[in-house]
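Visitor: Hello! Could you show me how to read a structure, one feature at a time?

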Amino acid sequence: MPTISGRRSSQVSAAGGKLSDDMSVISEIGDSTPQKRKLRSSSASKDSPNSSVLLPMDCSPAKRKSPRRSLNDSPQANIPLKENEKNLGNKVANPVKSPVKKKLSDSFRDKPIWNPRDMEHLSLVKEALHVSTPPSAVVCRDNEQKRILDFCKKCVEEEKAGSLYVCGCPGTGKSLSMEKVKEALICWAKEAGFQAPDVISINCTSLTNTCEIFSKILGKGSQKKVSGSASPLKNLQTSYSQKQPFSGMKLIVADELDYLITKDRAVLHDLFMLTTFPYSRCILIGIANAIDLADRFLPKLQSLNCKPTVITYRAYSKDQILIILQQRLMALPYVVFEPMALQVCAMKVSAASGDMRKALWICRSAIEILEAEIRDSTENMDQSLVDAGLCDNLRAANCKSLSKQDSSIVRPDHMFLALSKAKISPVVDTIQSLPQHQQIILCSVVKLFRTGKKETTIGELNKYYIDVCKSTLIPPVGMVELSSMCRVLGDQGLLKVGQSREDKLRRVSLKVDDVVDITFALQGIRFFRNFLQQ
């Protein structure tokens with residue numbers, strides 16, 4: 001028994017020693033998570049003598065691990081790390097950038113700074129930023145151009161007349177888009193096998209008489225009429241009422257349609273009614289700045305069965321103005337503006353009006369400010385060199401070194417000076433977006449207060465208001481409607497309207513500090529400009 005017990009004890013102790021050693025290895029592997037992953041992912045661990053120790057663990061139920069914590073257990077664990085990053089990580093680490101922005105930003109890299117003393121550089125930059133210089137492509141207006149072009153294509157394909165009204169604030173690319181649409185429509189008609197439409201472009205501000213627009217449509221222009229003959233409008237109505245051999249569609253683009261509204265509304269109605277005749281071949285597109293024209297005249301046009309399709313051009317945003325400016329400067333072989341200067345211009349103009357023409361004018365003004373600054377610094381330096389008695393060669397060397405400095409580029413401080421010179425005011429933009437009758441009220445207030453008054457009554461204001469309406473052939477509103485519109489102008493911070501039992505006794509005064517803002521806002525309309533100059 002002692003021998004047997006001793007033998008069993010020795011075997012148990014030996015086995016226990018071996019088991020304790022094995023369990024210590026298991027405990028070490030289980031406690032060390034990194035080592036555990038290393039053993040599983042390493043091929044060398046399978047050949048080690050301790051690999052048999054893992055059998056008890058393999059028999060135990062496997063513990064579920066989150067895929068985020070065990071990347072090496074994923075199906076792509078044996079793919080090299082570089083390929084994993086290429087397939088999975090690049091979409092997050094390297095997001096795809098807009099091709100337009102990337103192209104514009106890359107175009108300004110590795111370009112030398114321009115020399116404002118070089119007259120050739122100066123003329124090229126000013127020409128690129130001039131309003132009359134058409135860009136190579138109209139950006140940020142793809143949707144509006146597509147809608148207009150699709151409308152014209154449909155009319156040409158169906159040989160059917162139609163009308164379209166394009167409205168939006170000034171400087172939003174309406175007229176420029178129409179030029180591109182006309183070119184695209186003619187090219188499409190030739191490629192598709194259709195007869196290209198005859199294009200008639202009319203700027204209504206150039207008309208001496210509103211009825212002259214029908215003469216231009218008829219093709220007579222300003223030719224002398226034969227006495228006793230029918231009017232051009234009557235001739236058009238007669239020709240569109242009778243069946244005639246098809247001679248192609250006629251695209252009529254009437255720009256500055258607001259002018260027809262201020263003179264005679266009947267002309268506007270007759271113009272759109274030309275598209276309702278049975279054999280009419282007119283595609284009429286009217287362009288105007290008055291956004292509320294559709295609200296004021298669409299009910300009447302709808303009753304006449306000539307309601308046009310309306311497309312609105314919204315004001316440019318900051319990013320859109322920045323893209324358009326960069327597009328114009330992209331063709332230049334040198335850098336003219338600091339990026340921050342262009343951002344300042346885009347931010348200020350978009351917050352005020354979104355007028356792209358104003359942004360171009362401000363950029364040209366900033367260049368002129370830089371030009372004057374360099375000219376003054378050069379004169380001061382020349383004077384100092386003359387006083388010091390230095391030679392002409394040294395003077396030329398100093399001028400040449402000065403032209404290579406960063407002072408030759410338009411900085412944000414130049415742009416701020418140009419913005420202050422432009423007098424961008426939210427009041428001006430508010431007045432320009434007002435309905436017509438409210439603009440007439442403000443025009444009457446300015447005319448009345450020029451006599452030295454600071455305050456008046458609605459009854460006295462009504463007399464000036466009626467005089468303005470009579471001169472424009474626009475029927476005036478009544479006293480109640482006039483008082484209501486004055487209150488609306490008061491809510492917008494333009495007028496101050498007092499309280500009274502009767503509307504005509506209400507006191508009215510200007511809330512605007514300077515009448516110049518009202519005059520500046522209304523001078524774009526020819527009638528208001530002529531009336532305020534009287």
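Visitor: Which side chain does a polar contact join to that of Glu144?

Guide: A polar contact is a pair of N or O atoms within 3.5 Å; within protein, one must be able to donate a hydrogen and the other to accept it, and residues adjacent in sequence count only if both atoms are side-chain atoms. Here the side chains of Glu144 and Arg141 are joined by a polar contact of 3.4 Å. This is a predicted model: local features need pLDDT of at least 70, side-chain atom pairs count only at pLDDT 80 or more, and totals for chains, interfaces and linings use all residues. Residues are numbered from 1 along each chain as its sequence is written, and side-chain values use heavy atoms, with hydrogens and water left out.

Visitor: Is Glu144 buried or exposed?

Guide: Buried means under 20% relative accessible area, exposed over 50%, partly exposed in between (1.4 Å probe, protein chains only). Glu144 has a relative accessible area of 14%, so Glu144 is buried.

Visitor: How do I describe two packed helices?

Guide: Two packed helices are described by the angle between their axes and the distance between the axes. Axes are lines fitted to C-alpha atoms, for helices over the stretch in contact, and angles run from 0 to 180 degrees between N-to-C directions. Helices (H or I, at least four residues) are DSSP runs, numbered from the N terminus. Helix α7 (residues 142-158) packs against helix α8 (residues 174-192) at about 40°, with the axes 10 Å apart.

Visitor: Which residues of α7 and α8 meet?

Guide: Contact means heavy atoms within 4.5 Å. Among the residues that meet are Ile148 and Leu149 in α7, and Val181 and Leu185 in α8. Glu144 also lies in α7; leaving aside neighbours within four places in sequence, Glu144 is in contact with Ile311, Thr312 and Tyr313.

Terms used
Helices (H or I, at least four residues) and strands (E, at least two) are DSSP runs, numbered from the N terminus.
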